[in-house]
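Me: I would like to learn how to read cavities and sheets in a protein model. Could you take me through them one by one?

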Amino acid sequence: MDTTRKSAPRTIPIFGAEETARALEFRKLIPAIRDAFAVGAKVPLRHHHEMPQSDGTEATLLLMPAWQPNGGVIGVKIVTVFPGNTQRQIPGVHSTYLLCDGETGEHLAIIDGNQITGRRTVGVAALAASYLARDDAERLLIVGAGRIGSMAPFAYREVRHISDVKVWDVNRANSVRLVQALAADGMTASVADDLEEAVSNSDMISCATLSTEPLIKLEWMRPGTHLDLIGSFTPQMREADDACFATGSVYIDSPDALKESGDLISPIERGILQEKDILGTLSDLCSGAVPGRRSDDEITVFKAVGTGLSDLAAGALAYRELSKA
């Protein structure tokens, strides 16, 4: 007789968008990301698959794995990016996150990947700004008022006192909606109709677009400005002109950015920027290996393409918080 004990099938918990968002408050998420980047994890280069669409756009399938050594946790995010969804008036990015036990491989939870992606993306930007923006920076410009850009002011106010938020989007209606949401939350916010003017009057600029042409020009920025670019993640995408990288002090979230973003690939190919010119990664900043901003007049540029390390930090935090409920 078979006396082997068989455990009952286990139901994997599924955490939706609202509960995931509640679990990833920026006051908790930003320190969790800081700790993760300071310690590190195994993060293979993400799988990146292009899928041409009938409307002439090119969709993307991303698979982003990461794991902690010595029996921590394992995570993998599955992402689909469909730029053509703009015309359909639905979000262009959809994702799901699977968290696993690092000792047994047991699947612990399926977590809303859109919230993880959006919140860790702006959390990373705000974390970088805590090292790279001037201490007295208080005027924030949001370029791109989509799902991710709309979260940026809430993350930034965890690391700097924000006195004023300007919002620019190619679709003005998106800017109006975000301004109304920020005002309802007590922030001073307004629509920026003139991008050049808004850039020239900002201390910090956060770009989260799917643009294929540079939007931000160095000549518009005044000394001491901090620019973060969190939208471009393919070689065809650009958010800032070459001069920003030729003159600014450039930092990246991970070395993957050098292979994936047109903002870096293009100026490197033209000899305007060299890999040795990159002053550090987010891990370098968080671990203290590099100091960050060096003067009040320095223009700093932070380029992020997203990494499985920040996903893992967010996924693990969400699971810890949601498991308490």
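Reply: Gladly, and cavities come first. On a 1 Å grid over the protein atoms alone, a cavity is a set of points where a 1.4 Å probe fits but cannot get out, and lining residues have an atom within 4 Å of a point. Bear in mind that this is a predicted model, where local features need pLDDT of at least 70, side-chain atom pairs count only at pLDDT 80 or more, and totals for chains, interfaces and linings use all residues. Residues are numbered from 1 along each chain as its sequence is written, and side-chain values use heavy atoms, without hydrogens and water.

Me: Which residues line the largest cavity?

Reply: The lining consists of Val 43, Pro 44, Leu 45, Arg 46, Met 64, Pro 65, Asp 256, Gly 306, Thr 307 and Gly 308. The volume of this cavity is about 40 Å³, taken as the space filled by probe spheres set on grid points joined across faces, edges and corners. A search of the whole structure finds one cavity of 30 Å³ or more.

Me: In what order do the eight strands of the open sheet stand?

Reply: Strands are DSSP runs of E with at least two residues, helices are runs of H or I with at least four, and both are numbered from the N terminus. Two strands pair if DSSP finds at least two bridges between them. Here the order is β9-β8-β7-β10-β11-β14-β12-β13, with parallel pairing. β9 (189-191) and β13 (280-281) are at the edges with a single partner strand each, so one side of each has no neighbour in the sheet.

Me: Where do the side chains of β11 point, and are they buried or exposed?

Reply: In a regular strand the side chains alternate between the two faces of the sheet. In β11, His 226 and Asp 228 are on one side and Leu 227 and Leu 229 on the other, and all are buried (under 20% relative accessible area, with a 1.4 Å probe and protein chains only). Leu 229 stands opposite Cys 207, while Leu 227 faces Val 301 in β14.

Me: How is the six-strand sheet arranged?

Reply: This open sheet has mixed pairing and the order β1-β6-β5-β4-β3-β2. Nine bridges join β4 (residues 73-81) to β5 (residues 93-101), which run antiparallel. Helix α4 packs on this sheet, touching β3 (58-67), β4, β5 and β6 (107-112); contact means heavy atoms within 4.5 Å. The direction of α4 makes about 100° with that of β5, using lines fitted to C-alpha atoms, for helices over the stretch in contact, and angles from 0 to 180 degrees between N-to-C directions.

Key. On a 1 Å grid over the protein atoms alone, a cavity is a set of points where a 1.4 Å probe fits but cannot get out, and a pocket is an open set with protein on both sides within 12 Å along at least five of seven lines; lining residues have an atom within 4 Å of a point. Buried means under 20% relative accessible area, exposed over 50%, partly exposed in between (1.4 Å probe, protein chains only).
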